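Dear colleague,

Please find below the structure that I am handing over to you, together with its sequence. My findings follow directly after it.

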Amino acid sequence: NTLVGDGDHELRGSGGILAHGGVEVLDRRRFRGPRRHRSIVDTIRWSYDLLDPPSASLLQQLSVFAAPFTAGAARRVIGEWPASDVDFERDVEELVHASLVAADTAGPQTRYRMLETVRRFARDELAARGDVDATMDSFVDAVLGAALDVTRGGTSVWREEMVSELL
């Protein structure tokens, strides 16, 4: 019941499991229902295809965050995009409503996160657009800028919330 391959190609193992980009997903080829119910990737694709272009673009850009992130951190990354037509509040609300991004409102500020399968899907879409390098550059610039802001604040104590705000 093991999968054979390098994780970048779909290879059938026993039990109807496929490896796609390192993510194992169930594939039900004999299923007679809607295509979107056949695999996790098909379900994500269906939800993604329902998004308007700015929300889809935001999802792609947010794929650089491997850990939960704040709205401020996301704005620093997408703010680096000169032609971004993303309205963060509207578009992140659409992503949360589509269950592509989760919002944790339990703490002092809302933190967002994506499941790894959604993040990889969004990263693949970003790569297909040819914008992975530019988005990663924006991410690195935003994190370094936030770190400089923290160090310029005159504090020598790194508190946990400072580190979480950087990401």
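In what follows, helices are DSSP runs of H or I with at least four residues, strands are runs of E with at least two, and both are numbered from the N terminus. Please bear in mind throughout that this is a predicted model.

Overall organisation

On that definition, the chain contains seven helices and five strands. Their order along the sequence is β-β-α-α-β-α-α-β-β-α-α-α. Of the 167 residues in the chain, 35% are buried. The chain exposes about 10,100 Å², and 53% of this area is supplied by carbon and sulfur atoms. Among the contacts with a separation of 6 or more, 50% are made by residues 24 or more positions apart.

Aromatic residues

In general, two numbers describe a pair of aromatic rings, namely the distance of the centres and the angle of the planes. Rings are paired here if their centres lie within 6.5 Å, and by this rule there are five aromatic pairs. One of them joins phenylalanine 65 and phenylalanine 69, with 4.4 Å from centre to centre and 25° between the planes. This pair counts as stacked because its angle of 25° falls under the limit of 30 degrees.

Glycine 79 is located in the loop between α3 (71–78) and α4. Its relative accessible area is 57%, so glycine 79 is classed as exposed, for which the threshold is over 50%. Although glycine 79 and serine 138 are 59 residues apart along the chain, their C-alpha atoms are separated by 8.3 Å.

Glutamate 89 belongs to helix α4, which comprises residues 88–97. Is glutamate 89 buried, partly exposed or exposed? With a relative accessibility of 44%, glutamate 89 is partly exposed, because this value lies between the limits of 20% and 50%. A distance of 8.7 Å separates the C-alpha atom of glutamate 89 from that of alanine 71, and these two residues are 18 residues apart along the chain.

With kind regards

Notes:
Residues are numbered from 1 along each chain as its sequence is written. This is a predicted model: local features need pLDDT of at least 70, side-chain atom pairs count only at pLDDT 80 or more; totals for chains, interfaces and linings use all residues. Side-chain values use heavy atoms; hydrogens and water are left out. Buried means under 20% relative accessible area, exposed over 50%, partly exposed in between (1.4 Å probe, protein chains only). Rings of Phe, Tyr and Trp (its six-membered ring) pair if their centres lie within 6.5 Å; planes under 30 degrees apart count as stacked, over 60 as edge-to-face and the rest as tilted. Contact means heavy atoms within 4.5 Å. Accessible areas come from the Shrake-Rupley method with a 1.4 Å probe; for residues, only the protein chains shown count as cover.
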